[in-house]
Amino acid sequence: MLFSKSVEYGIQAMIYLAERDSDDPIMIGEIAQAYSIPRQFLAKIVQTLVKYRLLTAFRGRNGGVKLARPSSEIYLPEIIHAIDGPPPEEEPCIFGLDECSDEQPCPFHPRWEVIREDIDDMLGLESLDKLAEMVTEKHTAMEESLKAT
């Protein structure tokens, strides 16, 4: 996959919260159960997302988490960088070579560079509300196909 497991789970949790679009906090256990994420692992990811002010956490009996700002104002790179850190100054070689640059390219470098830039551009345009909308549409389509059978 393109992302680490931590980033995948973080994105899934953020999408879950954006889909619910609730003023009330949602329990981490509910999110973990919905996506089959180990609860303790998700709790650590959530701590990071709170630290980077993408989520707000509430303690106590009615505690949980919710988005720190509207989902239309949160973009995928923010989530990725919060969890995995900022991107490296020099992109690693797709083949794993020690030296791979415009000056000393690997065999795949020219084509991969274009693909990587396209991916970066695409991710930068994806807001959380758009992703949540697409996931909701997918769930609706799956439910309708199950009803049809």
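The following legends accompany an overview and several close-up views of a predicted model.

**Figure 1. Overall fold of the predicted model.** The protein comprises 149 residues, of which 34% count as buried. Its secondary structure consists of 6 helices and 2 strands. In sequence order these elements follow the pattern α-α-α-β-β-α-α-α. Along the principal axes, the C-alpha atoms fill a box of roughly 60 × 45 × 25 Å.

**Figure 2. The aromatic pair of Tyr9 and Phe41.** The model contains 2 aromatic pairs under the ring-centre criterion of 6.5 Å. Tyr9 belongs to helix α1 (residues 5-20) and Phe41 to helix α3 (residues 39-51), so the contact ties together parts that are 32 residues apart in sequence. Tyr9 is buried, because its relative accessible area of 12% falls under the 20% limit. Phe41, at 31% relative accessibility, counts as partly exposed.

**Figure 3. The aromatic pair of Tyr16 and Tyr35.** The ring centres of Tyr16 and Tyr35 lie 6.2 Å apart, and their planes stand at 75°, so this pair is edge-to-face. Tyr16 has a relative accessible area of 6% and is buried. For Tyr35 the relative accessibility is 22%, and this residue counts as partly exposed.

Figure 4. Side chains of opposite charge can pair when their charged atoms come close. The structure holds 3 salt bridges. One of them joins Lys5 to Glu8, with the closest N and O atoms 3.6 Å apart. Both Lys5 and Glu8 lie in helix α1, and their separation of 3 residues corresponds to about one turn of the helix. The relative accessible area of Lys5 is 46%, and Lys5 is therefore partly exposed. Another salt bridge is formed by the side chains of Arg20 and Glu19, with an N to O distance of 3.6 Å. Arg20 counts as partly exposed, at 38% relative accessibility.

**Figure 5. The salt bridge between Glu78 and Arg69.** The side chains of Glu78 and Arg69 meet at an N to O distance of 2.2 Å. Glu78 is partly exposed, with a relative accessible area of 29%. Arg69 also counts as partly exposed, at 26% relative accessibility.

**Figure 6. A patch of negative charge on the surface.** Six acidic residues, Glu89, Glu90, Asp98, Glu99, Asp102 and Glu103, gather in this patch. Glu103 is placed in the loop between α4 (76-84) and α5 (109-125). The relative accessibility of Glu103 is 69%, which is over the 50% limit, so this residue counts as exposed.

**Figure 7. A nonpolar surface patch formed by Ile94, Phe95 and Leu97.** Together these three residues make a patch of about 280 Å². Ile94 is situated in the loop between α4 and α5. At 40% relative accessibility, Ile94 falls between the limits of 20% and 50% and therefore counts as partly exposed.

Figure 8. In Asp21, phi is near 45°, a positive value in a residue other than glycine. Asp21 lies in the loop between α1 and α2. The relative accessible area of Asp21 is 65%, and the residue is exposed. In Arg53, likewise a residue other than glycine, phi takes a positive value near 60°. The loop that carries Arg53 lies between α3 and β1 (55-58). Arg53 counts as exposed, with a relative accessibility of 65%.

Technical notes:
Residues numbered from 1 in each chain as written. Predicted model: local features only at pLDDT ≥ 70, side-chain atom pairs only at ≥ 80, totals over all residues. Heavy atoms only, no water. Patch = residues over 30% accessible without salt bridge, like charges linked within 9 Å, V, L, I, M, F, W, Y side chains within 5 Å. Areas by Shrake-Rupley, 256 points an atom, 1.4 Å probe, with all protein chains shown as cover. Salt bridge = Lys/Arg side-chain N within 4 Å of Asp/Glu carboxyl O. Lys, Arg positive; Asp, Glu negative; His and termini not counted. Charge placed at Lys NZ, Arg CZ, Asp CG, Glu CD. Helix = DSSP H or I, 4+ residues; strand = E, 2+ residues; numbered from the N terminus. Buried < 20%, exposed > 50% of the residue type's maximum accessible area, 1.4 Å probe, protein only. Phe/Tyr/Trp six-rings, centres within 6.5 Å; stacked < 30°, edge-to-face > 60°.
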